[in-house]
Amino acid sequence: MVNFGKRLMAEQVEEWKEYYINYKLMKKKVKQYVQQNRTNGKDRQQVLKEFSRILDDEIEKVVLFILEQQGQLASQIQELESQRAAILETSDISLVSKLRESYREVGRDLLKLLRFVEMNATGIRKILKKFDKQFGHKFTDYYVSTRSNHPYSLLQQVFKQVGIGAVVGALSRNLAFLQEREGSYLSIYDHPTAIVKDPVIGQINASVNKLTHSTNFLEFLGHHALIVPEDANIQGPTEDYAGDETYHFMSLLLNLANTFLYMVNTYIIVPTADDYSVSLGAAATVCGVIIGSMAVAQVFSSVYFSAWSNKSYFRPLVFSSIVLFMGNLLYALAYDLNSLTVLLLGRVLCGLGSARAVNRRYISDCVPLKIRLQASAGFVSASALGMACGPALAGILQVKFKIYSLTFNQNTLPGWIMAVSWLLYLIWLWISFKEPARDNTGDCDASQNNSTSHHGDNSDMENGLNQPLLLDTKERDDEDIEECDDSEEGSNDSRRPANSIGEAYRLLTPSVKVQLLIYFMLKYAMEILLSESSVITNYYFKWSTSTVSVFLAILGLTVLPVNAIVGSYITRLFEDRQILLGSEILVLIGILLSFKVTSYYSEPQYITSALITFVAAEVLEGVNLSLLSRVMSSRLAQGTFNGGLLSTEAGTLARVVADATITLAGNLGQSLLLNVTLLPSLFICIASLIATVCTFNSLY
């Protein structure tokens, strides 16, 4: 694993060397300030001002060079445009091709400049993060609020490249025009690539999008899975450590199928859980316990499945399928046994079979980087489709018949259907799954993360480039000394994954804690909405099971189109932190609209508030996990106790608390159920909003 300082030295353009930020100097300054603070308690405000001045000078140097290079690129394009008119008057296709190649050369120069900007932007983020760690997370807030929000901000010039966008536009227009012009002279048989978009423009657009926090639908979906960290695009073509030899398409498909079936299993009982509990002699609000018991078990299963995936993927998936088959069988048999205990035991077993940690880990470790984005989006899409298909399937199981002494009705059929599904899945898994090879060069063994001679975990994108073979001895010694106190780029101990929940918790900065609080809040609000929907709609509107199923299915189907809009358009207009704050406000509005404040509670009010809450929470989840991947320590990007597990635990705990709240509130009567369960959502949402505002500038 190579620290950023060494990577910066290895990748910088030699003739531009003097214009990069002096990352090494700034790290020395941070270390010096720490030592001074320990010995003589140097004034904190003075330190902030001194280091701000140093960083201002470095950023100004970078920005002025960027502007100079942009001017040169613009001049080159102007010169080419003056040649273009004369060349296009002729019918000499060779001149047109030569002109097109000249434009491509400008594009390659622009790519080099974008790489320069990206490396400096990463260095700025890292030095801010390093300073925060040493001085209590105060500097980024101070620096961003005074520099980034200023109308003459140099910092924004590094992260939001308006000038570069204009150069990209000019290049794209001219290359497209020349491509069409060239095509008018040539047959597709003579030049079959003429109709293809120029690849250099695609590379430039990808670099600009990454630099400006823009994204696309696939990337936005990928962030939901917390599989694609921010620095994924830094990797070069030789750095895809999960090679083709470890990748097996059918195994990936089986992991996605597991994700889909598990989400169907989770939500297929939601429309009928209240009716099932009543049929067993319990109150309708006991549905909260029935639904939540699966989440309780998942709190524990997520940990052992995450640990198990360090050694195998096949065995935990087999275990998951068997446990889920047994759990659904018990859930179906509980009706004829007239036993609420058997029913709850079945749901607990279903929760113990949650292998989402394995599904996520397989994509992170064993899917090549070139398709990992699509696989991550597939993971989220499978979850979303399962969430929609579960209630929809429950809606069509409105039949009742008996075979011998077994009853098949809307309450038991979800259990029977899922039991058969998991049995068929187990057979498919046994026949088709291929366990990835685990050797010294592969990345599918997380235990190898502690060895610097290996490439490290695939999900650790932050330090992906190989260490240069030859470094000046004194320079290497200096770097080693400087890195000894850096928990993200330092010694083996400081780079190793967290070995326990407690150790992982100690790595959480205030920004990460706020993101986990937001994740808890949105999962709590969504679980309250979904789990009590059948009880609320039956009490106020007399909705049937089929109507509730259709309503929940429609909510689930909004996930993909909403994320497509946000990922393709909204993220191009606003920063992630702005979308985060706006989404939280919308969730708050949805919760407030859900309250019953008059004697009459209408269907339009319920449906509107539910849509606002659910859609805003879905948008919030994507941007929340995107920010979480940026602000968390790189040590939480690998190993058993990783960021994905922490977010899963936070979300699962939220579901447990929400379902328990529904059952407890049911003791007060169904007339009070809605408002009583919404109050905790309201308070948690307000708390997360306050926490977001307090850490807003650190989410940069």
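Visitor: What share of the contacts between residues at least 6 apart in sequence join residues at least 24 apart?

Guide: In this predicted model, that share is 83%. A contact here means heavy atoms within 4.5 Å.

Visitor: What makes up the secondary structure of the chain?

Guide: There are 28 helices and two strands.

Visitor: Why is V420 called partly exposed?

Guide: Its relative accessibility is 47%. Buried means under 20% and exposed means over 50%, so V420 falls in between and counts as partly exposed. You will find V420 in helix 17, which covers residues 413-432.

Visitor: How much of the whole chain is buried?

Guide: Of its 700 residues, 58% count as buried. The accessible surface comes to about 28,400 Å², and carbon and sulfur atoms hold 62% of that.

Visitor: How do you know where to read the model with care, and what is the mean pLDDT?

Guide: The mean is 80, with 78% of residues at 70 or more. Over residues 230-243, though, the pLDDT is below 50, and this stretch has 41 contacts beyond near neighbours in sequence. Residues 440-492 are also below 50, with 134 such contacts in the model. Where pLDDT is low, predicted coordinates should not be read in detail.

How values were computed
Residues numbered from 1 in each chain as written. Predicted model: local features only at pLDDT ≥ 70, side-chain atom pairs only at ≥ 80, totals over all residues. Heavy atoms only, no water. Helix = DSSP H or I, 4+ residues; strand = E, 2+ residues; numbered from the N terminus. Buried < 20%, exposed > 50% of the residue type's maximum accessible area, 1.4 Å probe, protein only. Areas by Shrake-Rupley, 256 points an atom, 1.4 Å probe, with all protein chains shown as cover. pLDDT = per-residue confidence, 0-100.
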